[in-house]
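Biologist: I want to learn how to read aromatic ring pairs in a model. Please start with the rule, then show me the case.

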Amino acid sequence: MALAPAKAQPTFKGGPAALDAFLQSKIVYPEFSSQNCIAAAVQVSFMIQTDGRVTDAMIQQGPGIDLDDEALRVIKLTSGKWNIPADYKRAVRVVLPISFRPDYVRCQRNNGTSVPQMSMGQAIAAYQKRQELENAITNYYINKRSGKADERNESTIERLKQQLGINEELWKDVLDQANEKLKQGDKDGACKDWNFIKNTGSSLADDYLARYCK
C-alpha cells in the first residue's frame with residue numbers, strides 16, 4: 001500500500017538560508033554573554049498559526065542565561081514571515097535552534113585571549129548571582145522613586161553598581177541595544193532595556209521611556 005504524501009508544512013519566506021540570515025541579522029548580543037564571550041545554541045519551541053503568526057514561544061533547551069531571552073525575542077520577530085500551505089487548517093509547533101556566536105575579536109581585545117573565560121556551568125552560576133544583585137539595585141531605585149527606600153542603603157547600592165560595572169559605559173551600551181531593537185520594531189524589548197537603565201539609577205533613557213513606553 002502506498003504511503004500518503006507528507007503534509008506540507010509552513011516554511012520561512014526565502015527558505016532556510018533566508019531564515020538563518022534573518023535571525024543572525026536581528027540578534028542583539030546580550031551584554032552578559034557578550035562581555036564573557038559565551039557561545040551557545042538555544043532551542044526555541046513555538047506555534048505557527050494558520051495566518052503565519054508566531055505564538056506561544058518558549059525555550060525548549062537553553063543555558064538559562066540572557067541568550068535565552070534574546071532567542072525568544074528574535075523568534076517572535078519572524079511572526080508573519082512564514083509561507084502557509086493553501087490547505088493549512090491548524091497551528092503547528094516548530095522547534096528551531098538559534099546559534100549565538102560572540103565577537104571573538106572583541107573578546108581578545110577585552111580579555112587578552114580569544115578563548116571564552118568561563119565554562120557554561122560557571123557562566124550560569126555567575127549570571128544567576130548577577131541577577132540577584134541587579135534585582136537588589138533595581139528594587140532600591142523603584143522604591144526610592146515611590147518614597148519607600150531606606151536611603152541609608154544608597155552607599156551599599158553604589159558599591160554593588162561598581163562591583164557589577166553598572167556605569168555610564170554600560171548604560172550607553174544598553175541604550176544602543178535598545179535603539180537597535182526599536183529599529184527592528186521591537187518596542188517591548190527596547191522598553192525593557194530603557195527601564196533597566198532607569199532602574200539602575202540613570203536618567204539617560206528617560207526621554208525614550210516617556211516617548212515610547214507610556
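Modeller: Rings of Phe, Tyr and Trp (its six-membered ring) pair if their centres lie within 6.5 Å; planes under 30 degrees apart count as stacked, over 60 as edge-to-face and the rest as tilted. By this rule the chain has eight aromatic pairs. The model is predicted: local features need pLDDT of at least 70, side-chain atom pairs count only at pLDDT 80 or more, and totals for chains, interfaces and linings use all residues. Residues are numbered from 1 along each chain as its sequence is written, and side-chain values use heavy atoms, with hydrogens and water left out.

Biologist: How is a pair of aromatic rings described?

Modeller: By the distance of the centres and the angle of the planes. Take Tyr29 and Phe100: they are edge-to-face, 5.8 Å centre to centre, with 90° between the planes. Tyr29 sits in the loop between helix H1 (16-26) and helix H2 (31-35), and Phe100 in strand E5 (residues 92-100), so the pair ties together parts 71 residues apart in sequence. Helices (H or I, at least four residues) and strands (E, at least two) are DSSP runs, numbered from the N terminus.

Biologist: Is Phe100 buried or exposed?

Modeller: Buried means under 20% relative accessible area, exposed over 50%, partly exposed in between (1.4 Å probe, protein chains only). Phe100 is buried, at 2%. Tyr29 is buried too, at 17%.

Biologist: Which pair is stacked?

Modeller: Trp194 and Tyr208 are, at 5.1 Å centre to centre and 20° between the planes. Trp194 belongs to helix H8 (residues 187-198) and Tyr208 to helix H9 (residues 206-212). Trp194 is buried at 0% relative accessibility, whereas Tyr208 is partly exposed at 28%.
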